[in-house]
Amino acid sequence: MEGERLASQARSSGLPAGGATGESPGVDAPLLGSSGSSALLQAEVLDLDEDEDDLEVFSKDASLMDMNSFSPMMPTSPLSMINQVKFEDEPDLKDLFITVDEPESHVTTIETFITYRIITKTSRGEFDSSEFEVRRRYQDFLWLKGKLEEAHPTLIIPPLPEKFIVKGMVERFNDDFIETRRKALQKFLNRIADHPTLTFNEDFKVFLTAQAWELSSHKKQGPGLLSRMGQTVRAVALSMRGVKSRPEEFMEMNNFIEIFSQKINLIDKISQRIYKEEREYSDEMKEYGPIHVLWSASEEDLVDSLRGVARCLDQCCKATEKRMSGLSEALLPAVHEYVLYSEMVMGVMKRRDQIQAELDSKVEALTYKKADTDLLIEEIGKLEDKVECANNALKADWERWKHNMQNDIKSAFTDMAEENIHYYEQEQIVDFLQLQND
């Protein structure tokens with residue numbers, strides 16, 4: 001390609017990639033010193049036995065590339081570069097803080113929905129102010145996710161919580177459901193804010209700053225229905241056609257995410273089952289305390305012992321509730337988020353394959369001269385650039401996502417283990433067991 005030929009000439013002549021004029025290199029040019037900052041990080045990978053009743057988690061060594069590598073879709077403004085270049089001894093420069101709070105119910109003749117207040121504080125120069133406050137409903141979050149996928153098809157977009165909840169867990173619009181969703185929406189926005197590319201997306205900025213009527217007007221500026229339908233039909237056609245030769249590294253990614261999806265879905269089901277059984281155990285134990293108190297009224301010789309058992313049961317109930325709270329707030333959301341992430345990554349893989357399939361179809365058409373040769377050569381050149389950008393973006397985001405996934409899941413299980421240790425070390429439970437032995 002022409003860009004690669006010019007870059008090769010520049011390197012052979014000892015000039016910077018931008019040319020002899022001293023212009024800054026483009027996004028695809030390597031940053032000075034970036035290769036020296038790459039490092040291998042040791043992380044722990046999750047594995048799970050095939051048998052659902054035999055849950056085993058063990059660590060393996062996994063080499064992850066340094067997250068300082070650049071995506072070809074990253075903006076090149078000086079301000080954005082500050083947030084993308086990370087040196088080993090320099091702390092992250094966070095300049096965008098987002099809070100989601102104050103859920104508010106709205107009832108109309110047509111529907112009932114919840115809006116959330118979103119407060120954004122920033123020091124970025126591209127924002128008109130340092131603080132913004134808007135209200136958004138779930139549909140607005142869906143719109144933002146769709147726009148991010150449209151603008152960055154081969155980047156891993158953070159998942160949103162499902163629109164509908166699992167039957168039997170909590171009722172829609174009760175306090176627990178609303179609070180769980182609020183936390184998930186806040187995590188969604190902060191993951192975007194922390195992403196080196198997504199954080200500078202224009203639709204993300206509009207979402208955080210525009211008032212309701214402005215956001216509604218901005219939504220209408222997107223592609224029309226027929227245009228979206230045409231894109232969907234073409235994508236389906238390409239996906240049906242398939243890819244003739246997917247590169248080996250993307251085959252490995254695809255195999256990894258398929259296995260990961262199976263394992264994380266199994267962990268999610270087991271975690272939900274454990275929580276359900278703990279809830280049933282706690283509800284049953286709550287009934288035993290009052291029963292022992294009533295029993296003590298008819299047994300004069302056992303009054304102190306029976307009331308002691310009742311007090312221990314009460315303490316056990318409180319400890320169990322605390323442990324269940326940790327389970328529902330730490331482990332369950334983290335595991336389920338990566339269930340959704342696995343679906344998202346599979347979608348990204350398919351979109352990458354669609355781009356390559358489109359290139360393959362053009363190359364095949366050129367081989368059989370089914371269309372104008374000059375036009376096909378031009379289209380093939382553009383598609384080759386598009387495939388290369390898509391591959392580079394996905395590879396960089398893949399390593400970043402994998403690193404975050406391992407840290408998040410490890411942290412969730414570590415926190416849960418510490419909660420369990422604390423639970424069993426409490427004096428009330430030890431006294432209760434000792435009383436039972438006596």
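User: Is R117 buried or exposed?
Analyst: In this predicted model, local features need a pLDDT of at least 70 and side-chain atom pairs count only at pLDDT 80 or more, whereas totals for chains, interfaces and linings use all residues. Residues are numbered from 1 along each chain as its sequence is written, and side-chain values use heavy atoms, with hydrogens and water left out. Under 20% relative accessible area a residue is buried, over 50% it is exposed, and in between it is partly exposed (1.4 Å probe, protein chains only). R117 has a relative accessibility of 15%, and therefore counts as buried.

User: Which residue forms a salt bridge with R117?
Analyst: A salt bridge requires a side-chain nitrogen of Lys or Arg within 4 Å of a carboxyl oxygen of Asp or Glu, and for R117 and its partner the closest N and O atoms are 3.3 Å apart. The pair links distant parts of the chain, R117 in strand β4 (residues 112-122) and the partner in strand β3, 15 residues apart; strands (E, at least two residues) and helices (H or I, at least four) are DSSP runs numbered from the N terminus. At 44% relative accessibility the partner is partly exposed, and the residue in question is E102.

User: What is the phi of E102, which is not a glycine?
Analyst: E102 has its place in strand β3. Although E102 is not a glycine, its phi is positive, at about 45 degrees.

User: How many residues apart in sequence are the parts that the pair of D194 and K94 ties together?
Analyst: D194 and K94 form a salt bridge in which the closest N and O atoms are 2.7 Å apart. D194 lies in helix α4 (residues 175-194), whereas K94 lies in the loop between α2 (78-84) and β3 (96-107). D194, with a relative accessible area of 46%, is partly exposed, as K94 is at 37%. The parts that this pair ties together are therefore separated in sequence by 100 residues.

User: Which helix holds both E179 and R182?
Analyst: The side chains of E179 and R182 meet in a salt bridge at 2.8 Å, N to O. E179 is partly exposed, with a relative accessible area of 31%, whereas R182 is buried at 14%. The two residues lie three residues apart, about one turn of the helix, and that helix is α4.

User: How many salt bridges does the structure hold?
Analyst: Some salt bridges are linked in a network, which joins K187, R191, E337 and D408. The total for the structure is 19.

User: How are helices α9 and α10 oriented to each other, roughly parallel or roughly antiparallel?
Analyst: Helix α9 (residues 303-367) and helix α10 (residues 373-425) pack with their axes 9 Å apart and at an angle of about 165 degrees, where axes are lines fitted to C-alpha atoms, for helices over the stretch in contact, and angles run from 0 to 180 degrees between N-to-C directions. The residues of their contact divide into 32 nonpolar, eight polar and ten charged, with Ala, Val, Leu, Ile, Met, Phe, Trp, Tyr, Cys and Pro counted as nonpolar, Asp, Glu, Lys and Arg as charged, and the others, Gly among them, as polar. Angles under 35 degrees count as roughly parallel, over 145 as roughly antiparallel, 65 to 115 as roughly perpendicular and the rest as oblique. The orientation of α9 to α10 is therefore roughly antiparallel.
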